[in-house]
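Work through the exercises below with the sequence and the 3D structure at hand. Try each task before reading its solution.

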Amino acid sequence: MAVKLPSLTQSRRILNWVSPSAPLSSLSSAITVLPTQEPDLIQSKHPSEFEAKIRFLKNKLHPDTLVSVLENTHDLSSSVNLFKWASLQKQFNHTADTYHMMILKLGNAGNVEQMEGFCSEMVRGKFSGFDKSLSELIDSFVRNRRLSEALRVLYVMNSSNSKPSICIFNALMCALVQDKRDFKDVLFVYKEMVKSRILPNIDTLNHLLESLFESGRVDAALDQYRRMEKKGCNPNIRTFQILISGLAIRNRVEESILVLNDMFRCGCETDSGLFTCVIPLFCNMQNLEIGLRLFETMRASNTAPDSVTYGAVIRCLCGYLRLDDAVKLYEEMIDSGLSPDNQVFVDMINGFCKLNRLDEARHFLDEGNIEDVCIRNTLLESYCENGNFVMAKGMFDKMFEREIIDSTSWNILIRFLCEKGVVDKALEYLCRMVVSSFPADSATYSAIILGNCKSGNVVRALDLFCYVRSKSWVLDSVSYAEFVESLCEKGNIQEAADAFSYMSDKGCALQSTSFGVLIQKICLSGEVKRAIELLSLAYYTGSASYNSILRGLFESGQKNCILVVLSQMIVLGCNFTVETYCILIQGMSALNRKGDCLAFFDLMLNEELVPDSQTLACLLSCLAKDSELHLILPSMYKLISKSEFLDPSTYNVLIDCLWREGYKNEANYLLDLMLEKGWVPHGSTHALLMGSTARNEAVSKKFADGMFGKLEDSVSCILEEGLGKT
């Protein structure tokens, strides 16, 4: 609230034609000093007016007469020339009043530099009452929002060792804050006050706090608040309002609550301004506890809540589904003669609907005779969401009879029928909609396309989508996802990709699961390059999409491109799934990049993910080819200790290869683990450990042919190998 200055002793009329604003140049710039002797006259835009006023003043030259003439001279250059002409007259001396009028006209015209020069000349002349005149000028400029001019006058006044009153400083600071001027302007006024050795009062500090918050200097504002007592000021209700709202708006809720507790502790007398500002703030942030506490304090102080405060608390109660309390407060509000806005009704209806109290919602609408179509659409949609088409149809028919209906009402019913796949019935409502002069829009077509997709009529859905494109419309997210997946399912991959490109150009994101389906189908068709191009259009890409591309690259023989896609996944921060790791391990195995294989395998185990048997067999084969299977032992021990995943065939392969690589102790350890599980080793493994040279040769041949096929575990096989053939 602006600080009202005390009425000044000398009244001055402010001209109505003044310029509304003027730029503020640097206050440190050199002050323009007007010459006091033989001044050059400025070319007047209206010479006839100037000459007439000179003739008038020649015989009646007096300070009061000059002030009156200057006030009624609309041309600024003529006013300056008249002032200079009067300065040359021998029997005439300027006064603070004549300077006042000239400075006022220059300031209101935005001529800041020349105005400052006249101010400095008046100060140097030490005219009687010049300090009072400067104070009046600041007051006038503040009231007319000529704040740059007011700052200049304050600077000159303070430089002359004249002390403006605390009211002058506060009024200027208040105006600067209200006009949201730069913080440096507010700080300049505060520093000038300090230089004048005028102690700030609570109003000064409140303006400073408000400016600090407005400029984002929240911590500095809190520091000023904590130092108030040292400055001899106690915070008032305005202080707490600035702090609490400023902190809450900037999501520093806990600190705002601490300040609120300070307010309660100090026993500061509250007013309606605090409550109407702070209660809606906390309620809109869904902080019901604080909102209710303040609301009860407000009522206890006999302060009547307004409609905004009532509405904020009711909506917050609805957000917490405390509908009974919300209804009581709503009735109290009505009894107080206040009317809630539409959003209050919407939130109450939504609350009833979320609690499935639809009958109460319907009764609430009818009892309150609420005819707002948006509110009735909320209940209509809730009937549909609950699958109660009979009630929805009944309500729709009554809305239609009373002409409380719009395009959204039609679309709600059409959408419900399309989601259920009842397209024919939906088309009947569409015909009625058009006949009733409600044109179909993008929401209508989205619903019809969804219905055709659900009923398997993809060709019809494509035709409708072509019309949507011709109108530059877009589909809603659900219809969009269903449309793309249906096209993919029917083999219309190219059409699905085109639809995705169009919607992406319109800024619409496709659900990640649907996008994954699209990418997978494109990759399966061999168009991996096309899939990679579509990735750049996606707003969100999940791991499934990249997995499809990695799989496509692997199966199409483009294994070298896997690392490029992998780099992109890492940059985008994609999560690696089991499938991702399996594809990478298989791809690196095919490229014989054993180090990368082991690295991905270790990462996989660290995330407690387990590869499938095909991937593990591929990894073991890659390492065994160069007799480097022993490199995987530390990781395999992790896998063995955490999982029952390994089967007898894997144990046999590990034991055989480790034995051949010379890691006999490790092979025996794995054999012991195998026997502890009750598994019988394969005959080739048994013979290898028993030292059968003949069998070793057979095993070698078996290994060369590929030893990762399905091996038969049987006691008879072991006995045959142990006893020999007869």
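A residue is called buried when its relative accessible area is under 20%, exposed when that area is over 50%, and partly exposed in between. The model used here is predicted.

**Exercise 1.** Locate serine 133, decide whether serine 133 is buried or exposed, and list what serine 133 touches beyond its neighbours in sequence.

Solution. Step one is the location: serine 133 sits in helix H6, which covers residues 130-143. Step two is the accessibility. The relative accessibility of serine 133 is 3%, so this residue counts as buried. Step three is the contacts. Leaving out residues up to four places away in sequence, serine 133 touches Ala96, His100 and Met122.

**Exercise 2.** Find how many disulfides the structure holds, then classify cysteine 119 and cysteine 508.

Solution. Start with the bond itself: a disulfide covalently joins the sulfur atoms of two cysteines. The structure holds 0 disulfides. Cysteine 119 has 0% relative accessibility, so it counts as buried. Cysteine 508 has a relative accessible area of 16% and is buried.

**Exercise 3.** Describe how helices H15 and H16 pack, and which kinds of residue meet there.

Solution. Two packed helices are described by the angle between their axes and the distance between those axes. For H15 (residues 288-300) and H16 (residues 307-319), the angle is about 145 degrees and the axes are 10 Å apart. The crossing is left-handed. From H15, Leu288, Leu292, Phe295 and Met298 take part, and they meet Thr309, Tyr310, Val313, Cys316 and Leu317 of H16. Sorting the residues of this contact gives 8 nonpolar, 1 polar and no charged.

**Exercise 4.** Compare the span of helix H10 with the expected value, and find what its buried residues pack against.

Solution. H10 runs over residues 202-214, 13 residues in total. From first C-alpha to last it reaches 18 Å, close to the 18 Å expected at 1.5 Å a residue. Of the 13 residues, 10 are buried, and H10 is mostly covered. Among the buried ones are Ile202, Leu205, His207 and Phe213. The buried residues of H10 pack against helices H8, H9, H11 and H12.

Definitions and conventions:
Residues numbered from 1 in each chain as written. Predicted model: local features only at pLDDT ≥ 70, side-chain atom pairs only at ≥ 80, totals over all residues. Heavy atoms only, no water. Helix = DSSP H or I, 4+ residues; strand = E, 2+ residues; numbered from the N terminus. Buried < 20%, exposed > 50% of the residue type's maximum accessible area, 1.4 Å probe, protein only. Contact = heavy atoms within 4.5 Å. Disulfide = S-S within 2.5 Å. Axes fitted to C-alpha atoms, helices over the stretch in contact; angles between N-to-C directions. Left-handed = near helix turned anticlockwise from the far one by under 90°. Nonpolar A, V, L, I, M, F, W, Y, C, P; charged D, E, K, R; others polar. Expected span 1.5 Å × (residues − 1).
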